[in-house]
There are 2 protein chains.
Amino acid sequence: MNRSSKTAFPDERLTLFEVREMWDVLSPDEQIEAFELLDRPSAQEFLFTLSRHKRAAFILQASEAERLFWMRQLPPDEAADIIQQSPKKQRSKLLELLDERTRREVQALLTYKADVAGGLMNTRFAQVRPDQTIDEAIHYLRLQAKDYLESIFYVFVLDQGQRLLGVVSFQELFRAPQERKISEIMKTEVVTVPENQNQEIVARLFNRYKFIALPVVDHENKIKGIITADDILGAVQEEATEDMQKVGGMEALDQPYLQIDFWTMLKKRAGWLAALFIGEMLTASAMAHYEEEIARAVVLALFVPLIISSGGNSGSQAATLIIRAMALGEVRLRNWWNIVRREFLTGLGLGCVLATIGLARILLWQLIFHTYGAHYFLVALSVCLSLIGVVVWGTTVGAMLPMLLRRLGCDPASASAPFVATLVDVSGIVIYFTVSAVILHNTLL
Amino acid sequence: MNRSSKTAFPDERLTLFEVREMWDVLSPDEQIEAFELLDRPSAQEFLFTLSRHKRAAFILQASEAERLFWMRQLPPDEAADIIQQSPKKQRSKLLELLDERTRREVQALLTYKADVAGGLMNTRFAQVRPDQTIDEAIHYLRLQAKDYLESIFYVFVLDQGQRLLGVVSFQELFRAPQERKISEIMKTEVVTVPENQNQEIVARLFNRYKFIALPVVDHENKIKGIITADDILGAVQEEATEDMQKVGGMEALDQPYLQIDFWTMLKKRAGWLAALFIGEMLTASAMAHYEEEIARAVVLALFVPLIISSGGNSGSQAATLIIRAMALGEVRLRNWWNIVRREFLTGLGLGCVLATIGLARILLWQLIFHTYGAHYFLVALSVCLSLIGVVVWGTTVGAMLPMLLRRLGCDPASASAPFVATLVDVSGIVIYFTVSAVILHNTLL
């Protein structure tokens, strides 16, 4: 880039404050130009106040020389992220630039998928040996801190083969008499995470135990890295977003709403919507099946939307509840009978509430407007009994579907509210016209 | 409790392992009994491997002597939680048992609501003075660690009035030459959280900057405590659960699914369901308004569920997307025009997709079964145009409703999928019969 010929910034130098103020409104090219007008210490300070995402974006688009310089400043997990986001052919070149130690760490990190423990962990943690005295251990930690360690959460006690023997908290280390051995004060019961554990399970561990960091180990109990609570926070938000979007009846977008391009979003929403539409076509078939009954008693058609939507709404409640409870680990497959019984009873209760309101409404309208003809009471009865049936069915299906999906190895969150509603709509029509046929036989039908 | 007369455990002593294995299947009384059969060190170790929630539940139900003993072992934020969950008349008694320092900290914490920064923070953090040398600072930190500090994330530099001047990382502290002053190495630009900041905003800060801890300050920039990423993790999960349950069409349960009692759950679900039902009754009125048209052309009634559910489904997608994007701070009110335009266009695209499928379906059925009579093409045209109208309307309403609710100071997540569906159902019927009236005028109608 030839800065003298065409520049957005006529001044020779920019301050940290100026760059920070204007950063978000600059184009990528202007960002690079502005950045280069900072002195090095300011540039470094600025880069590390950017969010991790913006930092990666900037380093990726910087000139080659800049990229190389900044890659070396990053901790291994961030460097691994950036390499993963780079075009394939640039990767080995970027790797070569790192120092020996970091390169080995980055290469190890690159072998993990992004959503498992190994993909979230940091490879730099505080370590001591069991036969060190407290005094030796503290000295050893100071060396690690000077050399490469950014922060200490727990101190991990390892044998010569890097196998995890125990853990010592910061406080225990400073409280113990200086001449005692680490092995005498360490806790040997350590909660660990297998390197390929899914991030959803890791999040549950953090949530249950309120740890600030957890060690990641392989099958031989060798320590590979640590996951800190801040690493898992992003993962938790991401999982919740995916689940919520699926429950809302679409594919997970995987990108912020305003950043995703129009056509990708349309595709992610059209798929499910079309599938639901095709499923919902069965309602037209079901209605066609009862066309004669409708022709004879148009009054029946009036309540179709009311009845089927009640089933859909109650099913949506149940499905959402169970999906979230499963994601949080509050509910497991072995609880299924417990849940079905509970939801069946809830459905019965909810159905009775709605039936009562429905009955009151029909009787009231009849009293005032005489809307529903001579057999209004039988119509009301059909509507109320159908409501109870449809709501019980809706809640039960809504609760069972996520569990069934999990049992089949699919994502429970695919049992979206619209999916359950569609399922229940078709059966709701059948329930309604069957109940009506029995009750209105020889009168309206 | 008289242990000799009636006990579930005939042995005199239980081991840590035995208690841990059986804990979850014991009744509260048996838990207390089992716990008392542990020796004190094992009891302490056991208690602190329980989740925070279970630990609080156990301490609350333990005998008074036990409760008093364990209250003194807890850090101030946990003690405050337990006091908050205790009956009002016990609170001052529990407070009195704490040592002077902890009591002051707990009392300060009790003045905050649970879902703001002050309610999440820990009052014990590492602090140094700006004029200390590195060596003095490290010595001072060791004293704090010995005395009360459990862990160190960052070291905060405070003046005599506890005002925050800067921050030093663990690494910077150990890297710097011992005789330099803290004021020379501290960073003075510190991201802070106001003490009454809502936890949702705090979670966003953590997510954006990947901090492990943030200082909480009052309006005079005096430091009140620190929030660590593990504190915010529970808050993030809680917020996501609440939002998802609201989107599913109910009040937030605020308790794990299997722990909430049946009647409370029924109440939390019946409220919204009944409200939606009453709203949905408008569909019966709308349908009654078109009763004559339906009597003349029963074929029209067949497509009512299909059309209104398509509007509901597309509205549910849009609402869920926008609600989640707002919760994550990806979308703000000032983006409203951008969003409405985008959703309008998306609705148009989605509507065309569904209309095409619908057209194919009607023409195919007509070809094979001759289902839809002589004017099948006009019926198909009515259905397709209505679909486009309803889907555009559904997406636009679904996207705008959460923003409107936020603008009115309500929770956007109340714009649940069923709520949007109900809104769109009624208008969907009106759109459908209006379009049909125009197209089928002088033929079927």
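Mentor: Start with contact: two residues are in contact if their C-beta atoms, placed from the backbone, lie within 7 Å. This is a predicted model, in which local features need pLDDT of at least 70, side-chain atom pairs count only at pLDDT 80 or more, and totals for chains, interfaces and linings use all residues. Residues are numbered from 1 along each chain as its sequence is written, while chains are lettered from A and ligands numbered from 1 in the order in which they are written.

Trainee: How do you know that the copies meet through the same surface?

Mentor: Of the interface residues of chain B, 99% are also interface residues in chain A, so the copies do meet through the same surface.

Trainee: How does the radius of gyration of chain A stand against that of a compact globule?

Mentor: The radius is taken over C-alpha atoms, and the globule rule is 2.2 Å times the number of residues to the power 0.38. For 445 residues a compact globule would come near 22 Å, but chain A has 31 Å. Along the principal axes, the C-alpha atoms of chain A fill a box of roughly 95 × 70 × 40 Å.

Trainee: Which domains does chain A have?

Mentor: The bounds come from an automatic or database domain assignment. Chain A has domain 1 (16-113), domain 2 (126-228) and domain 3 (262-440). The C-alpha centres of domain 2 and domain 3 of chain A lie 53 Å apart.

Trainee: Why is Asp29(B) called exposed?

Mentor: A residue is exposed if 12 or fewer other C-beta atoms, placed from the backbone, lie within 10 Å of its own, buried if 20 or more do, and partly exposed in between. Asp29(B) has 11 such neighbours, so it counts as exposed. Asp29(B) sits in helix 2 (residues 28-36) of chain B. Its C-alpha atom is 8.6 Å from that of Gln61(B), 32 residues apart along the chain.

Trainee: How much of chain A counts as buried?

Mentor: 45% of its 445 residues.

Trainee: What makes a nonpolar core?

Mentor: It is a set of buried Ala, Val, Leu, Ile, Met, Phe, Trp, Tyr and Cys residues joined through C-beta atoms within 7 Å. The largest has 229 residues. Ile227(B) is one of those with the most contacts inside it. Leaving out residues up to four places away in sequence, Ile227(B) touches partners including Leu120(B), Val193(B) and Ile232(B).

Trainee: What counts as a helix or a strand?

Mentor: Both are DSSP runs numbered from the N terminus: helices are H or I with at least four residues, strands are E with at least two. Chain A comes to 21 helices and 6 strands.

Trainee: Why is one side of strand 4 and of strand 6 of chain A left without a neighbour in the sheet?

Mentor: Two strands pair if DSSP finds at least two bridges between them. In chain A, 3 strands make an open sheet in the order 4-5-6, with mixed pairing. Strand 4 (193-194) and strand 6 (223-228) of chain A each have a single partner strand, so one side of each lacks a neighbour in the sheet.
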